[in-house]
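Hi there,

Here is the structure I promised to pass on to you. Have a look at it first, and then read on for what I found in it.

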Amino acid sequence: MNILGIETSCDETAASIIQGKNGKINIIANTVASQIPIHKKYGGIVPEVAARAHIKKIIPVIEETFKKSGFSLSNIDLISVTHGPGLVTSLLVGIETAKALSFTKKIPLIGINHLKAHIRANFVKNPNIPYPAVSLIASGGHTEISLFKKNSYKRLGQTRDDAAGECFDKTAKILGLGYPGGPEISKKAKKWEDQTKAIKDKFDFSLPRPMINSDNFDFSFSGLKTAVLYLAQDNKDKLKNKHFIQSISYETQQAIVEVLTKKTIKATKKFQAKSILLSGGVAANKTLRQTLAKKAKSLDIEFFVPEFKLCTDNASMIATTAYFDYKNLNKSEKEKLNHTWETLQADPNLKI
Ligand code: KG4
Ligand code: ZN
């Protein structure tokens, strides 16, 4: 079955065409137009600016995807689009475009949950993930741990304030680094790892690991960001010092990785999970990938993480989720998808 995916929930305008057959996914074309250069100057996403950029890009991105694939709309069996969670004005651009295509071309349409899609990115290369699985989604808007079985999803914990990616982004802003903060912090942290002992001894800071030992699976990252803010305010004279910035970047990354890893492993043990699924933009972080992979190996548990380009927002993960969701529908539910264009709504707070 050939599926068109459309994603506009945040700051990437994305389209993809995949082929799903016998539980296996083949990505035919994947296009992502990032708005990073547009939002960089504000140090974060401005919703109104994001929506306008989506409007400008959505048709060119879909056209480019078809061009790369060699397909036309007549080859598409199902259209899928993110309908939440996300920024409502951004979501609407993808949804209304998908509805128009579905109505005019008489192709069934399915709304997809963006968070579920992050997890499903793991299924592109690995259709047979062993259940139960513990999933950690860490993105710019969400940090959530859940227990994922074949047809059920139970949230075990989530962030009480900032998401892990948001913490990377806000910390980077305090330190005068670019947007998005995750990749910037991680580059500086790498430089710090390679520093000499003499320099490391000179800038010896430590940051809190919020809620690392709490008796639940919740997170809190806003205190970490505030600790960095106080450190920056107390050391204004050092903010131009590259070693100071590298040292705090390293410590921030360590704090986030340690908290995420500890809680994920705790859930894995408690629920005797057979696998761990990491996903979301922060899953692109090499230290997090390596730390969790190592821990999972030591427990003899399978560890999955999508390839880098499928960690951050993309539409292949949307179309992949559509394939698996569609497979679970009965005949009358499948028929109803011919009318989704009449009813599909954006839901900014959609839960899995
Ligand atoms: O999943 P995503 O593309 O968008 C949302 O759904 O939020 O995640 C974006 C987030 C940003 O906060 C960005 O800083 C973070 O993912 N990120 C990273 C890395 N690459 C992207 N965080 C840490 N290390 C990275 N290499
Ligand atoms: Zn996302």
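Strand β6 is mostly covered, with six of its six residues buried; buried means under 20% relative accessible area, exposed over 50% and partly exposed in between, with a 1.4 Å probe and protein chains only. Before going further, please keep in mind that this is a predicted model, in which local features need pLDDT of at least 70 and side-chain atom pairs count only at pLDDT 80 or more, while totals for chains, interfaces and linings use all residues. Residues are numbered from 1 along each chain as its sequence is written, chains are lettered from A and ligands numbered from 1 in the order in which they are written, and side-chain values use heavy atoms, with hydrogens and water left out.

Back to β6. In a regular strand the side chains alternate between the two faces of the sheet. Both faces of β6 are covered: one side has Ala 133, Ser 135 and Ile 137, the other has Val 134, Leu 136 and Ala 138, and all are buried. Helices (H or I, at least four residues) and strands (E, at least two) are DSSP runs here, numbered from the N terminus.

Which strands does β6 pair with? Five bridges join β6 (residues 133-138) to β9 (residues 275-279), and these two run parallel. Two strands count as paired if DSSP finds at least two bridges between them. Along this pairing, Val 134 stands opposite Ile 276, and Leu 136 stands opposite Leu 278. With β7, β6 runs antiparallel and is joined by six bridges; here Ile 137 stands opposite Glu 144. A hairpin through four residues joins β6 to β7.

These strands belong to an open sheet of five, in the order β8-β7-β6-β9-β10, with mixed pairing. At the edges stand β8 (152-158) and β10 (302-304), each with a single partner strand, so one side of each is left without a neighbour in the sheet. From one strand to the next the twist averages 20°; angles run from 0 to 180 degrees between N-to-C directions, and axes are lines fitted to C-alpha atoms, for helices over the stretch in contact. Helix α9 (residues 242-270) packs on this sheet, where it touches β6, β7 (143-149), β8 and β9, and its direction makes about 160° with that of β6. Contact means heavy atoms within 4.5 Å.

Helix α9 also meets helix α6 (residues 181-193): their axes come within 7 Å and cross at roughly 110°. That makes α6 roughly perpendicular to α9 (angles of 65 to 115 degrees count as roughly perpendicular, under 35 as roughly parallel, over 145 as roughly antiparallel and the rest as oblique). The residues of this contact divide into five nonpolar, six polar and three charged. On the α6 side they include Ile 185, Ala 189 and Trp 192, and on the α9 side Ile 245, Ser 249 and Tyr 250. Lys 191, in helix α6, is partly exposed, with a relative accessible area of 48%. Its C-alpha atom is separated by 9.8 Å from that of Lys 242, 51 residues apart along the chain.

Next, helix α5 (residues 164-174). Its buried residues include Cys 167, Phe 168 and Asp 169, and what covers the buried residues of α5 includes β6, β7, α6, α8 (222-234) and α9. Just after α5, Gly 176 takes a positive phi of about 75°.

There is also an open sheet of five strands in the order β3-β2-β1-β4-β5, with mixed pairing. Its edge strands, β3 (24-34) and β5 (109-113), each pair on one side only, and the twist averages 25° from one strand to the next. Within it, β1 (residues 2-7) and β4 (residues 78-84) pair in the parallel sense over four bridges, with Ser 80 in β4 as the bridge partner of Gly 5. Helix α2 (residues 47-69) lies across β1, β2 (12-21) and β3, at about 30° to β2.

His 114 is buried at 6% relative accessible area, and His 118 is buried at 1%.

Best wishes

Technical notes
Ala, Val, Leu, Ile, Met, Phe, Trp, Tyr, Cys and Pro count as nonpolar, Asp, Glu, Lys and Arg as charged, and the others, Gly among them, as polar.
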